[in-house]
Amino acid sequence: MKKIKFKRSLLALILTTVLAVSFVGCGSKTESKNSVSSNKSENSKETKGETGDVPSDDDTVVIAITGFNTEDLSPISTDFFTKDNVVHPLFDSLLDIDEDRNIVPEIAESYEVNKDYTQITFVIRDGVKFHDGSDVTAEDVKYSIERYAKDDCAWGSSLRVLFDKVEIEGDNKVTVSFKSSEPQIVQYFTAHYNTLGVVLPKDYIEKVGEEEFRKHPIGTGPYKFLESESGSSITFEAVEDHWRLVPEFKFLKILEVADGSTRLSMLRGGQVDLIQASFDDLDSLESDSNIHLLDIKGERMSGIYFQGTWKDTGEATQNVKVREAIDYAINRQEIADEFFSGYAKPEKYWKVSDAGENWDPSWKATEYNPEKAKELLKEAGYPDAFEKPTIRFYTQPERAYQIKLTELVASYLQAVGLQVEIIQHDTATLENLLLVQDLTDEAYGAMGLQTSPVLTSDGILSRSQYNFYATDGSETLNHTDKEIDEWYKKGRASLDVNERNEYDNKILHRINDENKLFLGLNYIDTIWAASSKVGDWDAYNKPGSFALTYSSITKADK
């Protein structure tokens, strides 16, 4: 692993300039919740699965993360953060993504897609069992896909739009039919962007009900549910004869520890074995002989989006020259080198990966040019030409560096003369405010900063990205450009890769380069700090979820 010394100049800049930035916390979850399983609150509740052995220190790997929902462990309904960081050890998926980002079989022994991409047929692997000992059958697969297609499934929106029916042929063949062509049909059934490939236990859910399944789930994964303590921890036990992989650590325990400094202290004190490292702490972590770092390259991407720009309500960001000025005002290379200690690189298009089939190596991030930014603001008549010159800059606290990165970006904007107010919401509140069809007055002209998993291929034409870019998308930032809708229609209907890429790039150019509705910032590595108990961890960039690889964590003495 490279060792790059963390420069403090930008943190000093943040501390001095952010005092001039208005910071408002609304619906935020920044209060410390430093609870661990040994410190039960009066209101905590303990939930247990089948009783196993008592976890010992040597046999248990403990991971501390910022937070999760201990009350809902169902892949049907759980929230995004819990899905990605907690739920996946319990479940296998029909398909997987390997280290080279190829889609490969998992519960499905093989699969076949028809010529017009309207059907995918899975051959279900023999010998895969749920944690209660029952066999996975074609009926379970059919039940799962039909359940995900219902309106109340948290992760089924993409499937619902195209889903037609599921049919079983013989004992182990399942065919899923779509209403229209979907060249990305295979990706729907990996466990990385959603949970649609996860196979649910039909008989168990019908016996105990979905409410009980949320609290006591069973799946097919390398770990099975052992117990949970509300608002504090979840413990899993390894499946000793798992068909795919038997974890080296018999027990996996995940703690909710909201405060980053507390997580670091617990790692150094031997209470936990893995934490997602703060970029502030890299200097001290790299010099600690009892801790080693795991660098997952470019796992996430950060970007800025603007909402309600099509309507003139007097907001500064409703002027494209102001948005372009913001683009030039941000020093992405400096952010990558100093804020992220070299564990990042500048990004041109948010939500577009350099691993995607439509990637063009000539695409370069916008160069830092504060003088150009000032010129554009002058041309726009800023601030006098605007009834509301102060930019409302929204962010969420779930990621350790998110708030500081927001503050840093705000300081760049202030340096070219922009007025900025930072407003903090938890993710759910923020999405309900900004990423919806029907906007309130607060959303018009708003600017948001977000980090998201890297998309691996065909990103803009995917159904999830349609929701951002098309005029009728569920989370749209564009209510007026009908030509983009037409490009989506033609691009998604085409089965020719080159033609799809052509429409993909037209949308990118219009949204990002002409309209400046999205501004890419950085591709960001994710750094995990591990105790001396932990050996290797096969946590390569499986987009969307680290928890998919928890079962591959090895002991240091192996």
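# Briefing: loops, helices and buried sites in a predicted chain

Tyr-368 lies in the loop between strand 15 and helix 11. Helices (H or I, at least four residues) and strands (E, at least two) are DSSP runs, numbered from the N terminus. This is a predicted model: local features need pLDDT of at least 70, side-chain atom pairs count only at pLDDT 80 or more, and totals for chains, interfaces and linings use all residues. Residues are numbered from 1 along each chain as its sequence is written, and side-chain values use heavy atoms, with hydrogens and water left out.

**Whole chain**

- The chain's secondary structure comes to 16 helices and 19 strands.
- Of the 558 residues in the chain, 58% are buried. Buried means under 20% relative accessible area, exposed over 50%, and partly exposed in between (1.4 Å probe, protein chains only).
- Take the contacts between residues at least 6 apart in sequence: 73% of them join residues at least 24 apart. Contact means heavy atoms within 4.5 Å.

**Around Tyr-368**

- Tyr-368 has a relative accessible area of 38%, so it is partly exposed.
- Tyr-368 and Asp-327 are 41 residues apart in sequence, yet 8.1 Å apart in space, C-alpha to C-alpha.
- Neighbours within four places in sequence aside, Tyr-368 is in contact with Tyr-328, Ala-329, Ile-330 and Asn-331.

**Helix 15 against helix 16**

- The axes of helix 15 (residues 482–493) and helix 16 (residues 497–514) come within 8 Å and cross at roughly 160°. Axes are lines fitted to C-alpha atoms, for helices over the stretch in contact, and angles run from 0 to 180 degrees between N-to-C directions.
- That angle makes helix 15 roughly antiparallel to helix 16. Angles under 35 degrees count as roughly parallel, over 145 as roughly antiparallel, 65 to 115 as roughly perpendicular and the rest as oblique.
- Helix 15 contributes Glu-483, Ile-484, Trp-487, Tyr-488, Lys-490, Gly-491 and Arg-492 to the contact. Helix 16 contributes Arg-500, Tyr-503, Lys-506, Ile-507, Arg-510 and Ile-511.
- The residues of this contact divide into six nonpolar, one polar and six charged. Ala, Val, Leu, Ile, Met, Phe, Trp, Tyr, Cys and Pro count as nonpolar, Asp, Glu, Lys and Arg as charged, and the others, Gly among them, as polar.

**Helix 3 under cover**

- Helix 3 (residues 138–148) is mostly covered, with eight of its eleven residues buried.
- Those buried residues are Ala-138, Asp-140, Val-141, Tyr-143, Ser-144, Ile-145, Arg-147 and Tyr-148.
- The cover over them includes strand 7 (119–124), helix 4 (157–162), strand 8 (163–169), strand 9 (173–178), helix 5 (202–208) and helix 6 (210–215).

**Backbone points to check**

- Tyr-382 and Pro-383 are joined by a cis peptide bond, with omega about 5°. Pro-383 sits in the loop between helix 11 (370–380) and strand 16 (391–395).
- Ser-341 is not a glycine, but has a positive phi of about 55°. Its loop runs between helix 10 (332–339) and strand 15 (344–346). Ser-341 counts as buried, because its relative accessibility is 0%.
- Lys-516, also a residue other than glycine, has a positive phi near 55°. Lys-516 is placed in the loop between helix 16 and strand 19 (518–531). At 9% relative accessibility, Lys-516 counts as buried.

- Thr-451 is found in strand 18 (residues 447–453). Thr-451 is buried, with a relative accessible area of 10%.
- The side chains of Thr-451 and Gln-402 are joined by a polar contact of 3.5 Å. A polar contact is a pair of N or O atoms within 3.5 Å; within protein, one must be able to donate a hydrogen and the other to accept it, and residues adjacent in sequence count only if both atoms are side-chain atoms.
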